Amino acid sequence: MEDLTFHHRVRARARGVRTSAVVGVVASGNLEVLAERIEPETECVLEIRTAAVGFGEVWGAVIADFVERYSPGGLRLSINDGGARPDTVSLRLAQAVRSMEGEE
Amino acid sequence: MMNWQHGREARQARVEAASSFADGKIVAARDATRLMETVIRPGDRVCLEGDNQKQADVLSAALLAVDPKKVNDLHMVQSGVVLPEHLDLFERGVAKRLDFAYSGPQSARIATMLFGGKIELGAVHTYLELFARYFIDLTPNVALIAAVSADREGNLYTGPNTEDTPTVVEATAFKDGIVIAQVNEIVEKVPRVDIPADRVQFVVTAGKPFFVEPLFTRDPGSITEGQILTAMLAIKGIYAPYGVRRLNHGIGFNTAAIELLLPTFGEKLGLKGKVASHFALNPHPALIPAIESGWVSQVHCFGSEVGMEDYVRARPDVFFTGSDGSLRSNRALCQVAGLYACDMFIGSTLQIDLQGNSSTVTTSRVAGFGGAPNMGADTRGRRHPSEPWLQAGREADPEAQPLLRRGRKLVVQIGETFGSNNEPLFVEKLDALALAEKLKLDLAPVMIYGDDVTHIVTEEGIANLLLCRDASEREQAIRGVAGYTKVGRGRDPKMVQRLRERRVIQRPEDLGIDPLHADRNMLAARSIKDLVHWSGGIYSPPSRFRNW
Amino acid sequence: MNAMRLQMTGSTGPDRKVSWYEASARTRTRLLLDAGSFLEFLGPELREVSPHLELFDLPEQFDDGIVVGQGRIDGAPVFVAAQEGRFMGGAFGEVHGAKLTGLLRAARDLKSIPVLILFDTGGVRLQEANAGELAIAEIMRAVIEARTAGAAVVGLIGGRSGCYGGGGLTAACCSALAVSEQGRIAVSGPEVIETNRGVEEFDSHDHALVWRTMGGKHRRLLGASELFVDDTVQDFRAAAIELLRSAGQFGIDTLHAEQSRLEDRLRRFGACHDAYDVWAAAGVQEPRSIPALPADEFIALADALGKVRRDAR
């Protein structure tokens, strides 16, 4: 298992009032994302525990794009990853933000 | 005086030599090896059927059991190297040289034997190329074929899995060759005559049906959201704008998803009757909902598919069937149909490089080509126009004189950026090159060449290579849909943005598609059982696909 | 055109026509209960993860693969536990098991709130074997205590992992069960039987055989499950409401009745070699047609043969 942490400054807070949400399931090729609205509004923190070791660079690229696109200010996103592909990670991150913004 | 009858005389002699233990044309299974030893000579060119699906397994075993002192150094010419026996022949010295097209299950062992010098390789072909050479320079002396049944005269019924047989027999029988068929049973009258008796010298009563595997069944339960997203992109971004009615789907989960999205997503887009109506395709179970929903006018099949026989029988308005009601397939003609009568090929692959060349080869497996290179190639001999073909031609060469501007076949590669085992689809250098170096081949085994590919579809979007003006744009267009693979991360972001503005690259949102809506609920059928229900209970899936 | 439904969501209320089999534990819970009524206990934000998986270099899940909490179904309060079959095969571990035990003890103590267990489990996690087995024992005791106190415990089975091992044992202790075709209920799994007894005894690759022996339709016909339902959340919800409404008192008489039911069953079917024989003996005219029968026709056929005794279990 590998632990990774990313801090990003963002331009705006994630919309909505939900305080927490969880999407996904931990399984081979899948991951769960727990979103909590506990960070300062201009920051986003991602904590990842992953079964696939050595892909820090890819995580960094995926997360950078995600943060740029969704501006999830105020959110801490905690991830348990079972070795999902980058596009699945992007999808779950987007689903987590959507959940927090109040869209199912 | 020149003797121009060598072949004919030789055939006559061989046939007569076997007459002592044949009852007319009929030979018992226990005499099959003896038959082989009698009619096959060392160095003969032998086609051991060896199709994509059906295998003349009893004849394979019989050939394997010959005395290598009597029968040896054979030159095997066959479509498929599928059974272990096909390669055991080389281990035993019965066979020496090989020309083939596809090796699926034996791809690892065949690679090992090639590296080890146990097989002398003629060449790896596509199906149609090999069939073509059966008539020019690889004509079989002996064909060992698989049929369902025969009558006492030797008329054969090959049934739904007719596949390569008519082509193999045509080449062999009319060039003084010997045709030996294995059949499950001898009957009074065959349901229909697929192979006339005067082309058949011997019939071996195997007493059981020939080996055949389900290769074209994809369980809807395994289709992922990523595959559904790529399918939505393909339907909305390619099928719809080009108006693709006539097409071939390479087998895979991405195309299975497309088939299952036609009655739902396709219907919502108002595309019924406008796209996907005429197919060169095996009877895919995943196509059942589209057929039942009225999307499909006609399908011609390369072969059959285990479990689909009764469904095909019940839908003769869609499929090609004989007077007996069962499917009539024909690989050679269906390959031609895919080449010249289809406007699009869409399929998946294992690796794509920066020019768009693709390959399914790895350094430890030699799987061959099958039919994909024929399906997935621009056919420059084509002359009749169609809208999709002309549209693609316009995109490829906007400056050309319209009256001299040929159209282009749409050749689409579809897949997620990371495949199974999280292997990247996009690479800088194909493994096929390393294999070619290792085996000292003249050409790397490329399945589809970059200059034939017109579109690449991944979960990141669609790259339209027709609109690329040079190699550098082509490279960036490919990188621009290569996601987070190393190739994708190496993109020039500014250039990719410009390509997007010109719609050379289209992202899901450019097509009005939200990736979060790519949901399994969109599939018209989500399980094999759903497919059975769609078929009104007529589709009968093999045991391995059941979960009820 | 046949009557196959084409699934396109986008209605005004929650879409309960979704497949139970395909849905996650959270989705099942959310759609099973009255809209917005679910309150989760020990939710993922509390991060009560397995203390053992790290040792094996395996990923954890924040809820350890089971969602527990309280909600309402058709207006009435109910406790819910839903196993996530895709996380470690829904298997019981220390925390997973403790969450269910705690829920059942709450039901025992409150007496008035029944429990719905959404089983989706292969049994006990090998990596947490001792804790898992202990949990099963605690859970089975807690089920009986809750029932004795007057809180019914109803099981719903229809997920990817089936209901095996300790899950199967626990299910058999429940007040009543509803099962779909995809559901399987047993203790030993097909591969385990084949490994231990040989392929002639049980071919685990013969899916038709597996489903005949352990699957939802067989369990219904054998009387091991009260209700058989189609694979939708809507149908499981209706079944849950019915089973909760009709759950009876539990006591020593119930156990005597259950013993007698099982003895009778053994007498009727003990000599049968295959489920087809069981079904024929149960009065099914064409046993071989059962597997392909659509859900509504199967339910009608099973009900015509007889419903499961309400006084037993």
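**Figure 1. The largest nonpolar core of this predicted model holds 171 residues.** Look here for B:Leu144, B:Ala181, B:Ala234 and B:Leu261, the members that touch the most others in the core. Helix α8 of chain B, spanning residues 225-242, is the top contributor, with 10 residues. Both domain 1 (36-210) and domain 2 (223-515) of chain B supply residues, so the core lies between them.

**Figure 2. A closer look at B:Ala234, and a second core elsewhere.** Not counting residues up to four places away in sequence, B:Ala234 touches B:Tyr239, B:Ile258, B:Ile346, B:Val412, B:Ile414 and B:Val457. A separate core of 113 residues has C:Phe62, C:Ile139, C:Ile157 and C:Ala186 among its members.

**Figure 3. B:Thr417 sits in a loop of chain B, between β20 (410-414) and α15 (431-439).** This threonine has 23 C-beta neighbours inside 10 Å and therefore counts as buried, the cut-off being 20 or more. Setting aside neighbours within four places in sequence, the contacts of B:Thr417 include A:Asp87 from chain A, along with B:Phe426, B:Glu459, B:Tyr484 and B:Gly488 from chain B.

**Figure 4. Helices α1 (residues 25-32) and α8 (residues 233-246) of chain C cross at roughly 60°.** Their axes come within 10 Å, and the angle makes α1(C) oblique to α8(C). The contact is formed by C:Arg28, C:Leu31 and C:Leu32 on α1(C), meeting C:Val233, C:Phe236, C:Arg237 and C:Ala240 on α8(C). As for handedness, the crossing of α1(C) and α8(C) is right-handed.

Technical notes
Residues numbered from 1 in each chain as written. Chains lettered and ligands numbered in written order. Predicted model: local features only at pLDDT ≥ 70, side-chain atom pairs only at ≥ 80, totals over all residues. Core = buried A, V, L, I, M, F, W, Y, C linked by C-beta atoms within 7 Å. Buried ≥ 20, exposed ≤ 12 C-beta atoms within 10 Å, placed from the backbone. Helix = DSSP H or I, 4+ residues; strand = E, 2+ residues; numbered from the N terminus. Domains from an automatic or database assignment. Contact = placed C-beta atoms within 7 Å. Axes fitted to C-alpha atoms, helices over the stretch in contact; angles between N-to-C directions. Parallel < 35°, antiparallel > 145°, perpendicular 65-115°, else oblique. Left-handed = near helix turned anticlockwise from the far one by under 90°.
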